[in-house]
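Here is a short briefing to read alongside the model. Have the viewer open and follow the topics in order.

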Amino acid sequence: FFFQAEDGIRDSSVTGVQTVLFRSACPMPIRNYPHVLMAHGGGGRLMQQLIDSMFLSAFSHPALHARTDAAMLDSMTGRLAMTTDSYVVRPLFFPGGDIGTLAVNGTINDLAMCGARPRYLSCGFIIEEGFPMETLWRVVRSMANALAEAGVAIVTGDTKVVDRGKGDGVYINTTGVGEVAEGLLLAPSQIRPGDRILLSGDLGRHGMAIMAQREGLAFETSIESDCASLVDLVFTLVDAGIQLRCMRDLTRGGLAAALVEIAEASRCRLQISEAILPVHEQVRAACELLGLEPMHVANEGRFAAIVAPEDAERALQLMRDHALGRAATLIGEVVSHGRGEVAMVSRIGVTRIVEPPSGEQLPRIC
């Protein structure tokens with residue numbers, strides 16, 4: 001309720017006292033707030049309106065519309081894979097994507113690296129009070145488009161609102177569940193000496209797109225993130241019967257972190273060639289400007305695959321025939337058992353051990 005003064009002042013002919021008249025006004029509750037309020041996370045009417053108008057309309061699925069505390073899903077036979085990740089990227093929008101596409105693609109790519117076809121996602125939003133509804137809707141629509149392209153559904157979720165200045169706009173958590181292909185086991189334990197190491201595309205694009213946007217770095221053409229769903233490309237290889245040993249998507253820490261992780265887990269020595277690593281010239285220039293190594297910079301639409309030697313050429317051709325694998329390259333091989341390390345032959349023929357980055361070189365990129 002609120003009270004609003006009427007124009008003018010009334011004089012009392014009896015007492016001579018001047019009194020200000022007020023009229024009571026009880027407007028209908030505001031439905032279309034332009035910014036997020038704390039009440040949107042309070043569990044009441046406004047929160048329900050936000051869920052109905054924003055999330056249910058974008059992520060329409062029977063499991064969501066049932067409005068139960070947990071999603072009731074069709075039974076899935078065989079092995080399941082489950083992963084979760086949180087996204088805190090800054091800025092929220094960048095060339096080639098935004099936090100919404102990142103939250104969907106990042107999680108389904110983690111499932112794909114295990115040989116799992118993504119089926120369902122959950123989604124948690126932590127939204128800062130005062131965040132524009134229009135901006136939130138842009139993020140939600142990006143997520144909906146990414147879901148549609150991947151054939152995946154969000155079936156349950158959560159919304160929280162934090163104090164103004166405490167949430168940096170919006171943070172998103174997504175958890176994914178997928179079905180693992182029958183008889184498929186992708187793990188470092190499957191690696192054998194002689195196996196080949198394939199890279200699906202050029203390095204460092206996502207991290208440099210974020211940094212160029214954040215720091216205002218200007219290039220002749222803008223660096224676009226490689227953010228994309230890798231599911232179709234991965235299952236092109238799986239369905240073709242390629243003998244895949246292990247895969248990793250190249251997110252934080254880039255190619256270096258992914259290969260070192262595989263080497264240490266498998267206790268195998270991997271060897272790659274620096275001269276054939278694909279790096280876009282503008283990405284290379286940005287890395288030199290910032291003193292970064294392209295192998296350490298994150299991607300969100302690239303992966304490394306270790307495959308049996310007899311299938312390497314066929315796998316490479318299948319990758320190059322796919323839109324996301326045009327620049328796929330055979331970058332090295334598994335040399336031997338015994339030492340879990342990655343060796344790289346430099347452009348001048350010197351071999352050095354590849355180390356993962358010791359810290360977070362580019363914070364808030366995913």
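Which residues of helix H6 (residues 231-239) are buried? They are Val231, Leu233, Val234, Phe235, Leu237 and Val238, where buried means under 20% relative accessible area with a 1.4 Å probe, protein chains only. This is a predicted model, in which local features need pLDDT of at least 70, side-chain atom pairs count only at pLDDT 80 or more, and totals for chains, interfaces and linings use all residues. Residues are numbered from 1 along each chain as its sequence is written, and side-chain values use heavy atoms, with hydrogens and water left out.

**Around helix H6**
- The cover over the buried residues of H6 includes helices H3 (99-112) and H9 (312-320), along with strands E8 (116-128), E12 (244-249) and E14 (303-307).
- After H6 comes glycine 241, with a positive phi near 80°.

**Strand E15 and its partners**
- Strands E11 (residues 196-199) and E15 (residues 329-337) run antiparallel and are joined by 4 bridges; two strands pair if DSSP finds at least two bridges between them.
- Leucine 199 has threonine 329 of E15 as its bridge partner.
- E15 also pairs with strand E13 (residues 268-273), in the antiparallel sense over 5 bridges.

**The whole chain**
- The protein chain holds 9 helices and 17 strands, taken as DSSP runs (helices H or I, at least four residues; strands E, at least two) numbered from the N terminus.
- Of its 366 residues, 49% count as buried.
- Among contacts (heavy atoms within 4.5 Å) between residues at least 6 apart in sequence, 84% join residues at least 24 apart.

Conventions. Buried means under 20% relative accessible area, exposed over 50%, partly exposed in between (1.4 Å probe, protein chains only).
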